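Work through the exercises below with the sequence and the 3D structure open. Each task is followed by a solution in steps.

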Amino acid sequence: MRAEYSDVRQTAPSLAREQEVEAFETGIALMEAARDTPAQSAEAITAARYIQRLWRYLLKDVNDPANELSDELKANLVSIGLFVFKETDRILASDSSDWTGLIEINRTVREGLSS
């Protein structure tokens, strides 16, 4: 039987937090690897899709009624997530190859999770 993330978060919050930090570290490493590659490179596509999956998962958790984050923090995370989707969509469409903002935002979120 597969445990739901919300179950892990409630029964082992430090493990859940550790897994979130690791997921962001992986995403940041993928974006850093993609930063100096051409648009539509395998690295860029992999990084953009990974970050979209990560944020889709994060926003699903934020919208879970059992999530105990403040409404203000939830709203901020949704706003950041929308920015992440917009920028990664631009990268996937070859309208941008600038990873700087995405890397910085994801570093900030990772640091917030680590504190």
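**Exercise 1.** Is R56 buried, partly exposed or exposed?

*Solution.* The model is predicted, so local features need pLDDT of at least 70 and side-chain atom pairs count only at pLDDT 80 or more, while totals for chains, interfaces and linings use all residues. Residues are numbered from 1 along each chain as its sequence is written, and side-chain values use heavy atoms, with hydrogens and water left out.

Step 1: apply the classes, in which buried means under 20% relative accessible area, exposed means over 50%, and partly exposed lies in between (1.4 Å probe, protein chains only).
Step 2: R56 has a relative accessible area of 48%, so R56 is partly exposed.

**Exercise 2.** Describe the secondary structure of the chain and the span of helix 3.

*Solution.* Step 1: count the elements, taking helices (H or I, at least four residues) and strands (E, at least two) as DSSP runs numbered from the N terminus. The protein chain has 5 helices and 0 strands, in the order α-α-α-α-α.
Step 1: helix 3 covers residues 42–62, which is 21 residues. From first to last C-alpha helix 3 reaches 30 Å, close to the 30 Å expected at 1.5 Å a residue; the expected span is 1.5 Å times one less than the number of residues.
Step 2: list the buried positions of helix 3, among them A44, Y50, W55 and D61. For the chain of 115 residues, 38% count as buried.

**Exercise 3.** Which residues form the aromatic pair, and what is its geometry?

*Solution.* Step 1: rings of Phe, Tyr and Trp (its six-membered ring) pair if their centres lie within 6.5 Å; planes under 30 degrees apart count as stacked, over 60 as edge-to-face and the rest as tilted. The structure holds 1 aromatic pair.
Step 1: F24 and W55 make up this pair, at 5.9 Å centre to centre and 85 degrees between the planes, which is edge-to-face.
Step 2: the pair links distant parts of the chain, with F24 in helix 2 (residues 13–35) and W55 in helix 3, 31 residues apart.
Step 3: F24 counts as buried because its relative accessible area is 2%, and W55 counts as buried because its value is 0%.
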